[in-house]
Each structure stands twice: as C-alpha cells, then as structure tokens.
Amino acid sequence: MNKRITAAQAAALVKDDMTLTTTGFNGFGCPEDLIMSLAEHYDQTGHPQNLSLVKCTSQGDGEGRGVSHLAEKPGMFRELIISHMGYDPGLRKIVAEEKVTCYMLPLGNLMQLFRAIAGGLPGAISTTGIGTFADPRFGGGKANRKTREAGKEIVSLVELGGKECLFYPSFPVDICFIRATYGDEDGNLSIRHESMNVEQFEVAAAVHNSGGIVVAQVDKVVKRGTIPAQEVFIHGFMVDYIVEGRPEYSRQGFDTDLFRPELAGLANVPGVPFEPLKLSPPKVCCRRAAMELKPHSLINLGIGMPGGIGSVADEEGISDLFTLSIECGPLGGIPLRGVGFGAAANPEAMYRMADILQLYDGGALDMAVLGFAEVDRLGNVNASSFHGRMVGPGGFIDITQNVRKLCFIGTFTAGKQQVDLTADGVQVVTQGPQKKFRKDVEAITFSGQEAVKKGQEGLYITERAVFRLEKAGITLVEIARGVDLQRDILDQMEFQPVIPPHVPFMEERLFQEAPMG
C-alpha cells in the first residue's frame, strides 16, 4: 500500500472534537507544512472545531511560524495540554484572552504520559513537579481563569512506596502530525537530517495504540526498502500516511533556511566558535556561574542568559572539561542560542528527549544554570509565568528537581536598569522598575523548600550580589564592590534575606575586560 497523500488530504483527516498532537522543539522537527495546510483547510471549510491540542514544547519562532498559525482560527481549539509556549505567541494570546482551557505540565511528565498511553497504562506517575505549580496543591498546572473554573483535573496527588507522586490519567489521542527527514512508500521513517531526536516516536506510538491516525511530514518520499534498517526510526506499521512537504515549510530549523550537517551529527565542522560576550551584567552573571563548574560534570544550560556560559567557558579555555546537555537530547558540542536553542553544533551524542529527561529525573545532572523571572523569600523560583501570562515550564522542572547544584542567574531588577561596570565592581545608576526578589513568586517553577529537603545546593547569581539557598531562607553570600547594601540590594527586594556578619566581595576578575584566568 502506498501511504503517500497530499498535505490537503492530511488536513481533512482532522475532524471536530478530536485530540491532535503536533511535534517539534522550537523550530526543529516541526511539521510546518501539515500545520499550514490545516490552517488553509479551516479557512475553506470552517473546520475542524473544538480540538484538544496536546504538544510538548514550543513549535515556532516567536514571530508566528508553526502552531501559532492555528491559534488564529476562532474556535479551532477548546483545550491545550502542553509544556511550553514561549515561541508560540498565538497560543499565549488565546490563553490570555480566556478563549481556551490550558494545562501546563513538566516536559518529562508529558513524555511519560505519551509512553503510558502507548503502553496501555492507566496513566503516568512521577515525583517531578512536587511542590511546583504542577502540583494540585499549588494549582494543578491550570494556566488561566477559564481552566480553573472548568472543574477538570488532569493531575492528582497519590502516595506510592511512602512517596508523594503526581498521577496523570491516560486518554486517547486521535491524530498526530510528526516530522521526519525521509519516508518510504511503506511509511518507514528516517530522521537522518534532523537536529534532535524529540518526541516523534513516543507520540506515534501513543496515537497508533489509541487507534488514531499517524501522519508524517517528510522532506522526501523514497522507494520502499531504500532506508537502511539501522536508520528506520519509526517502522511503517505505526504510520498511516506520509506527506512530502513543500520545501519552504520543510526546513531543518527556523533560525536558517540552510541545512547544517553539524547540527544533525553528520559532520564535525571545525572552527565553529561560541559567540563571544561583551562585558556586561549578563556576562558577569555567566562568569560567576562558570566559576562553579567542575571537571567531568554533566551540565544543563537553560535558554536565554545561561547560554552565555558556553562562551565564557570557551574564552577561559575550560570548555572541554565538562559535557553540556540539552533537555531535547544533544550532548556535547556548541549549543545554539535564541530560536536555535535546542540544537548543538558538533554534538558528541544525540539522546532521545524522553530518555535524557528520564536521566534528569533520576539525578544524572551534576549542575544546571538557568534563568529566573522571580525569586521569593523561601528560594522558590518563577520561570514560567510573567505578569499573569503563562509561558510554561518546558524542561525547567525536570532539570531542577534532582540536579546536585543549581545556579539561577539574572539581573537584579527587571526593566531598563543602568549598571556601570568598573575595573573592580558595580555602580548602579538607575534601578530597574520591576523587583525580581519578591515576597511570593507568581508561580512556583522550582520549590526551594523541596530542594532543601533533598540537600540540593542552590545559588542565585546577579551582577551585584550572590545568594545561597539555605534552610533559613536565601542568604546573602557575596556583594559587588561599589554597591550600597541598603539602596541597591535591600531596597530592591520585597523581603529581608539572611545577612551573615561578614559578606565577602565578589571577585574583581568578574568585572574586568580580559579573561578571568
């Protein structure tokens, strides 16, 4: 049977009230032609309506590509069950406007749920997320008022083996749009040119075993039997239809139209540098966090400012002493930043996203450097909700739950602060208008109390001060020269941190132009 159909025919398979899953990590692995065709089908017919969309991470570029196309169609979605929508402005808009219900899950928990559905299990069980906004006691992942008023719960608290756990009940998934590089006439799929090995397999297995429809967008349809067996990532028995995508909607990623073999692990391109950082408050934060790196460690770097750690380590000549890891699977190499986040140039290995997240959950990470939006008096961190706008945790909760050491980095205040860096310290000219050290965070993405119970080490690093997570609360452990403790630290916080009798200065080399050595 030849399983090849057109994108328009694939779009017509999506009916009202179905549960749809799409795949991808930011701009990578996104079946954009199928998504575009579904949007065109809606424009012509006014259908499908009332879909439940289940997806793991953002699938866009922050400017409207990807899943955001579908969010512009009134009534298409009634419910979202997702992990992250930072690069999906259309989805964020309909959630903020209370047009859909929206549940946010930790990325690893959603991956486990797909596996549970595929395995015919009653649901997924995890300790990841205890004490965070995913916990039913702290909101149950409900992202807006409409969701809170709907009365539906997708997670419950259970106890197994003496441990508190989160339980997510299984549900059938009717249809999925996934992406691969090649598909043969029998539906066998290869992801040879993809930049990462994300959730395609888990999603296809869950949909197939739910009795649903698996549709794969590929760059090229090839003759049956021409994909080597070792390269078949998903066998044709799990795939109902394949669509050869239009070239303009079949890019390796959204950061460039060019195919980069070094992102797919097919070539090791020499001379790919980390982008150097100019001396600035973010570089000071990255330098201070880099001082915590230990040889032979497995390190995760979050999106945004933490991506500069690689540049600092390269500048200091220590980048080969540890292994960088990204929650979507690449290990080693040079992580990309911005919309390219998730991919790495010249990776040493490419794990499946579900597998690396499971390793994180089990404590494989030695250290993680992540950004923060807010920190409260108990050391809780909010990195998922901004002034009532829920973005979601992505892999943040999985990364932080069982890692040995955590560095949360960010500027001390938010907004347009002016901070001048001198030869040995900091002069704060203008404070940012928004306080980031709050009495209570808007949403708990990392629980300081749970971390203290587990014995995790936590640092909160800014350009003017460093705090440590302790049982008594966050404690001031370093301050930059030139900073006034009352005016520049305490007056910019909504709570009083623990202040020891002696607080040492941050090292002068953090603020110099030359490498720290």
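Predicted model: local features only at pLDDT ≥ 70, side-chain atom pairs only at ≥ 80, totals over all residues.

Modeller: Happy to; here is a walk along strand β1 and its surroundings, with the chain's path onward to strand β2. Residues are numbered from 1 along each chain as its sequence is written, and side-chain values use heavy atoms, with hydrogens and water left out.

Strand β1 spans residues 19-22. Helices (H or I, at least four residues) and strands (E, at least two) are DSSP runs, numbered from the N terminus. Thr19 and Thr21 point to one side of β1, Leu20 and Thr22 to the other, and all four are buried, that is, under 20% relative accessible area with a 1.4 Å probe and protein chains only (exposed is over 50%, partly exposed in between).

Now for the neighbours. β1 pairs with strand β2 (residues 51-55) in the parallel sense, over three bridges; two strands pair if DSSP finds at least two bridges between them. Within this pairing, Leu20 stands opposite Leu53. From β1 the chain passes through helix α2 (residues 32-45) to reach β2, a right-handed β-α-β crossover: with the strands pointing away from the viewer, the path from the first strand over the helix to the second runs clockwise. Strand β8 (residues 175-184) also runs parallel to β1, joined by three bridges, and there the bridge partner of Leu20 is Ile175.

The loops on either side of α2 each hold a backbone detail. Most residues other than glycine have a negative phi, and most peptide bonds are trans. In the loop between β1 and α2 sits Asn26, whose phi is positive, about 55°, although it is not a glycine. Asn26 counts as buried because its relative accessibility is 4%. Past the helix, in the loop between α2 and β2, comes Pro48, and the peptide bond from His47 to Pro48 is cis, with omega near 10°.
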